[in-house]
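Morning, everyone. I have one model to walk through today, so let me put it up.

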Amino acid sequence: MADDAIRTEVTDRLTRAGENGVLRVITCGSVDDGKSTLIGRLLFDSKLLFEDQIKILERDSRKHGTAGEEIDFALLLDGLEAEREQGITIDVAYRFFNTEKRKFIVADTPGHEQYTRNMATGASTADLAIILVDARKGVLTQTKRHTYIANMMGIRHAVVAVNKMDLVDHSRARFHEIVSEYLTIAEDLGFASITPIPISARYGDNIFARSDAMKWHDGPTLMEHLERVDTNVDKEAAYAFRFPVQWVNRPNLDFRGFSGTVASGEVSPGDDVVVAHSGKSAQIARVVTADGDRDSATAGEAVTLVLDREIDIARGDMLTDPQQRPEVSDQFAAEILWMTDEEMLPGRSYLLKAGGQIVPASVTTLKHKLNVNSFEKEPGKSLKLNEIGVCTLSTSRPIAFDPYTDQRETGSFILIDRFTNQTVGAGMIEFSLRRASNIHTHAMDVNKDRRAGMKGQKPAVLWFTGLSGAGKSTIANLVERKLAEAGRHTYSLDGDNVRHGLNKDLGFTDVDRVENIRRIGEVAKLFVDAGLIVTCSFISPFRSERQMVREQVEAGEFVEIFVDAPLEVCIERDPKGLYKKAQAGEIKNFTGFDSPYEAPEHAEIHLKTDDLSAEDAAERVIEELIARGFIG
């Protein structure tokens, strides 16, 4: 058939398609289970490929294919050269096709464990997951992991596609053996439906047409099931109105609107709305788009909303239904998928992005981890790459959200490393911690400014950081003595001293080090509130934790002092004999040996103590405090 004729037929079918709406599908499973081949077969059998595309596919199959003289349908998806060379999927590939009954958006996701984060990205918007299982290999660890992530991401419908049935002689017994094993681990996850189908993606068996070799299968073909599965109950339009504000749109003095995408529900002029955080209310005056005003907007549509009155709204706020408001809290429980090689450490400060909201946040507790083989809960102190855990989180200010099971758009978030800007985790909020809404700041008559005024000084945290043996405690002690002699009010927090009391329950793992600094930061904040100048002498090896302490006090109250001495100088001094023990293997997780130290990049004071005496270093600090107005 000529391409013009095919285009005419395609246009015709696109016009007729959609009786059952759009279905978003993700294919997942382990490496080489046939995900790309399956989608390629769906595209080919749907007869939406042009002749030139088929010719290119035939040519590429001869060059890169793994199907001998036959067409390798996987090449329709594996677009990256690295994917074709290795025969694996690396990135998420989206394809669109349709039948007369439905339109489909299909995401082909990587099976390799290294690219689990890409699979999670594809699952976050899908309605149905096709979990492929190689009939020869059966259910693998990655099969289980992808099943759990699909469910975790809110997918309610699963198809267990047992592929490569031709390589096991189309064995009915083998099919039922695999399905039985799969259902044992998946049936309690909460999917609305799990539909097993035996297929051979390479030859099209039970894809569009029924297989003559598997007449024993009395269930639907894959396409029959995809065309009729009902996901309407999962649609965002059924939920209460949610509108995260992405941009305050003010092109001139006569127009002020709020732009974003409707996350759920529907909105029309005349509707009452409230700002989730402040509770301030207004009515919708206009629903504006690039094509003019609209009578309404529903979930998924990008619009600008104009209100009937001026109220304070900024990027990150959320407009909501006044009768069905979201939770607003700074503490909540969430399920987290960790996505980077650097492990998650409770207490470390990350950036949490939920819709347009971006706030500093930390994991306060890892309640348990998930064993992906058995789906059992296991204890743990941190999460590593591809691990899943249930955690409690604390944000620096309250955020608006819904439980993820109720609303995917407003119940999800990502965690971002504050220094690399890399996405390190994806989270699904389960519920607000009620204690967060029952704890309020009590206003005191005597505040920090008054306490500091009585002392005639400006409060500060003097944070001495550096390797063991660099001279932190010695210099801090001299600085405090000079301040005391000048009549200043001070207190000293030292690494060794606090481990005799406040932090005696902590060891020296990365997790414990983070918690150690978190606690010290909270104590230092209290001393600053008391109007004191507090010296803190801690190795504090991680920039994230030093930044966390900085952000707990007001701007200008945190002075980072980098006590800098080369490792060989510290080893030579070795005042406590710790380096000698570390070299002998008697001390584990020792900074400078088997635990890293992240040197400050922009310290307020940099003291190079290999050629600077402790007395001179202390004088330098005092001079800097005078220059910055902390003391007169």
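Before the helices, one convention. Axes here are lines fitted to C-alpha atoms, for helices over the stretch in contact, and angles run from 0 to 180 degrees between N-to-C directions. Also, keep in mind that this is a predicted model.

Now the helix pair. Take α12, residues 472–485, and α18, residues 614–627. They pack at an angle of about 55°, and their axes are 9 Å apart. That makes α12 oblique to α18. The crossing of α12 past α18 is right-handed.

Which residues of α12 and α18 make the contact? From α12, we have Thr474, Ile475, Leu478, Val479, Arg481, Lys482 and Leu483. From α18, we have Ala614, Glu615, Ala617, Ala618, Glu619, Val621, Ile622 and Leu625. Sort the contact of α12 with α18 by class, and you get ten nonpolar residues, one polar and four charged.

Let me step back to the whole chain. The protein chain has 18 helices and 28 strands. It runs to 632 residues, and buried residues make up 54% of them. Next, contacts in the protein chain between residues at least 6 apart in sequence. Of those, 72% join residues at least 24 apart.

On to salt bridges. How many salt bridges does the structure hold? The count is 27. I will show a few.

Start with Asp134 and Lys164. Their side chains meet in a salt bridge, at 3.4 Å, N to O. Asp134 sits in strand β4, residues 128–134, while Lys164 sits in the loop between β5, 157–163, and α7, 172–186. So the pair ties together parts that are 30 residues apart in sequence.

Buried or exposed: where does Asp134 fall? Asp134 is buried, with a relative accessible area of 0%. Lys164 also has a value to quote: 15% relative accessibility, which counts as buried. The cut-off for buried is under 20%.

Stay on Lys164 for a moment. What does Lys164 touch, not counting residues up to four places away in sequence? The list is Asp32, Asp33, Asp134, Ala135, Arg136, Ile199 and Ser200.

Next pair: Glu342 and Arg348. These side chains meet in a salt bridge at 2.9 Å, N to O. Glu342 is partly exposed, with a relative accessible area of 42%. Arg348 is buried, with a relative accessible area of 3%.

Then Glu624 and Arg628, a salt bridge at 2.8 Å, N to O. Glu624 is partly exposed, at 25% relative accessible area. Arg628 is partly exposed too, at 38%.

There is also a network. Asp505, Glu515, Arg518 and Arg519 are linked in it by salt bridges.

Let me move to α5, residues 116–123. Why call α5 largely enclosed by the rest of the structure? Because six of its eight residues are buried. In α5, those are Thr116, Asn118, Met119, Ala120, Gly122 and Ala123.

What covers the buried residues of α5? The cover includes β1 (22–29), β2 (93–98), α6 (141–152), β17 (327–338) and α9 (408–411).

Asp127 is found in the loop between α5 and β4. Asp127 is buried, with a relative accessible area of 8%. Now look across to Leu23. The C-alpha atoms of Asp127 and Leu23 are separated by 6.5 Å. Along the chain, Asp127 and Leu23 are 104 residues apart.

Last stop: backbone angles. Go back to the loop between β5 and α7, where Lys164 lies. Phi of Asp169 is near 60°, a positive value in a residue other than glycine. Phi of His170 is near 55°, again a positive value in a residue other than glycine. Asp169 is exposed, with a relative accessible area of 69%. Lys164, in the loop between β5 and α7, counts as buried at 15%.

To recap. We saw α12 oblique to α18. Over to you.

Definitions and conventions. Residues are numbered from 1 along each chain as its sequence is written. This is a predicted model: local features need pLDDT of at least 70, side-chain atom pairs count only at pLDDT 80 or more; totals for chains, interfaces and linings use all residues. Side-chain values use heavy atoms; hydrogens and water are left out. Helices (H or I, at least four residues) and strands (E, at least two) are DSSP runs, numbered from the N terminus. Angles under 35 degrees count as roughly parallel, over 145 as roughly antiparallel, 65 to 115 as roughly perpendicular and the rest as oblique. A crossing is left-handed if the near helix is turned anticlockwise from the far one by less than a right angle, and right-handed if clockwise. Contact means heavy atoms within 4.5 Å. Ala, Val, Leu, Ile, Met, Phe, Trp, Tyr, Cys and Pro count as nonpolar, Asp, Glu, Lys and Arg as charged, and the others, Gly among them, as polar. A salt bridge is a side-chain nitrogen of Lys or Arg within 4 Å of a carboxyl oxygen of Asp or Glu. Buried means under 20% relative accessible area, exposed over 50%, partly exposed in between (1.4 Å probe, protein chains only).
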